[in-house]
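Thanks for coming. I have one structure to go through, and I will take it piece by piece. Please have a look at it first.

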Amino acid sequence: MQTEARVGVVVEGGARALSSQKKQQRPVQQQQSQIGTVSQLMAGGVAGALSKTCTAPLARLTILFQVQGMHSDVATLRKASIWHEASRILREEGFRAFWKGNLVTIAHRLPYSSVNFYSYEHYKKFLHTIPGLESHRKNVGGDAFVHFVGGGMAGITAASVTYPLDLVRTRLAAQTNVIYYRGILHALRTISREEGVRGLYKGLGATLLGVGPNIAISFSAYETLRSFWQSHRPHDPTVAVSLACGSLSGIASSTATFPLDLVRRRKQLEGAGGRARVYTTGLIGTFKHIIRTEGFWGLYRGIMPEYYKVVPGVGICFMTYETLKLLLADVTAKL
């Protein structure tokens, strides 16, 4: 899920899962603190953008599978497969279509990842100042709670700030042969004109419900796995540890929150291109409608390309972020 966040998250997001490494405690001057902030924003944004670009074809397949049940009959759904859909894209839309919507993905991911990583570091600091938690900083349970809550708060903050771009990304990626939205600005103007400003925030409720647990599980699982790994194998390369722990934490968070991610995608497409609404009830009613018409596994439609995307995507994101932080720290120290 953002993850997508995601906010694919979740992400999604699906986003959908992100993390950061613990900062070394050392006294710094105000100028150094500002440089550190810029480094965090730059590392988080570049890591998110690179990860999304590398996994864009799988991300688009996930979205197309997630929204199939909205306007497709049962016979069409039964024929759906990753190979069948990928072949259709190549045959009807061309190879470049696998990256359809990737520009808005990057435009969304740069601010999303930056806000997410940066706010996470500050939420962690704030939570550690709480009297009850401050005395348990070395306690595994207390530390895991800080990672969980801090990660969830960071995910919700980032998703709320960048949500209109996330909605536009979904609508551009879901377009197949009929092109209704011609780009980011055209989509923003069209949605605002036809559906009102509130149309840019369709599915926000499902997004916030999913992105918090998604990012929280990803962060806490990552930090816990990394601490366990480094306590037993302290001399392993940081990059290798980040790749392994990031992939495992991404699988865990995506599995837990995928149904919410699917619902938010469908909510985002409600009324797109002037089409009639499919779900006229709230979040619970939408879940019931999907289970009734597609079965329980309809909530996990598209989970396989999501798994294929999560492992390299989250791994690349974590690895790039921590590598950039190390490089930028060296550059900062030489200034």
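I start with a helix pair: the axes of α2 and α5 come within 11 Å and cross at roughly 110°. That makes α2 roughly perpendicular to α5, since angles of 65 to 115 degrees count as roughly perpendicular, under 35 as roughly parallel, over 145 as roughly antiparallel and the rest as oblique. On the α2 side the contact is made by R60, L61, L64 and F65, and on the α5 side by I82, E85, A86, R88 and I89. Contact here means heavy atoms within 4.5 Å. The axes are lines fitted to C-alpha atoms, for helices over the stretch in contact, and the angles run from 0 to 180 degrees between N-to-C directions. Helices (H or I, at least four residues) and strands (E, at least two) are DSSP runs, numbered from the N terminus.

A word on the source. This is a predicted model, in which local features need pLDDT of at least 70 and side-chain atom pairs count only at pLDDT 80 or more, while totals for chains, interfaces and linings use all residues. Residues are numbered from 1 along each chain as its sequence is written, and side-chain values use heavy atoms, with hydrogens and water left out.

Now the totals. The protein has 13 helices and 2 strands. It has 335 residues, of which 51% count as buried. Buried means under 20% relative accessible area, exposed means over 50%, and partly exposed is in between, with a 1.4 Å probe and protein chains only. Accessible areas come from the Shrake-Rupley method with a 1.4 Å probe; for residues, only the protein chains shown count as cover.

Back to α2. This helix covers residues 56-66, and 10 of its 11 residues are buried. Among the buried ones are A56, P57, A59 and R60. Which other helix does α2 cross? Its axis and that of α11 (residues 238-268) come within 9 Å and cross at roughly 75°. That makes α2 roughly perpendicular to α11. In this pair, T62, I63 and Q66 of α2 meet F258, D261, L262, R265 and R266 of α11.

Side chains of opposite charge can pair when their charged atoms come close. The criterion for a salt bridge is a side-chain nitrogen of Lys or Arg within 4 Å of a carboxyl oxygen of Asp or Glu. The whole structure holds 16 salt bridges.

R88 has a salt bridge to E85, at 2.9 Å from N to O.

Elsewhere, R233 forms a salt bridge with D236, with the closest N and O atoms 2.6 Å apart.

α5 also takes part in a surface feature. L90 lies in this helix and is partly exposed, with a relative accessible area of 46%. Together with F95 and W99, L90 forms a nonpolar patch on the surface with about 310 Å² of accessible area. Patches are made of residues with over 30% relative accessible area and no salt bridge; like charges are joined within 9 Å and nonpolar side chains (Val, Leu, Ile, Met, Phe, Trp, Tyr) within 5 Å.

N102, in helix α6 (residues 102-128), is buried at 11% relative accessibility. Not counting residues up to four places away in sequence, N102 touches K52, T53 and A56.

F287 is in helix α12 (residues 283-294) and is buried, at 17%. Leaving aside neighbours within four places in sequence, F287 is in contact with P259, L260, V263 and L299.

Last, C317 sits in helix α13 (residues 303-334) and is buried, at 2% relative accessibility. C317 and G45 are 272 residues apart along the chain, and their C-alpha atoms are separated by 9.7 Å.
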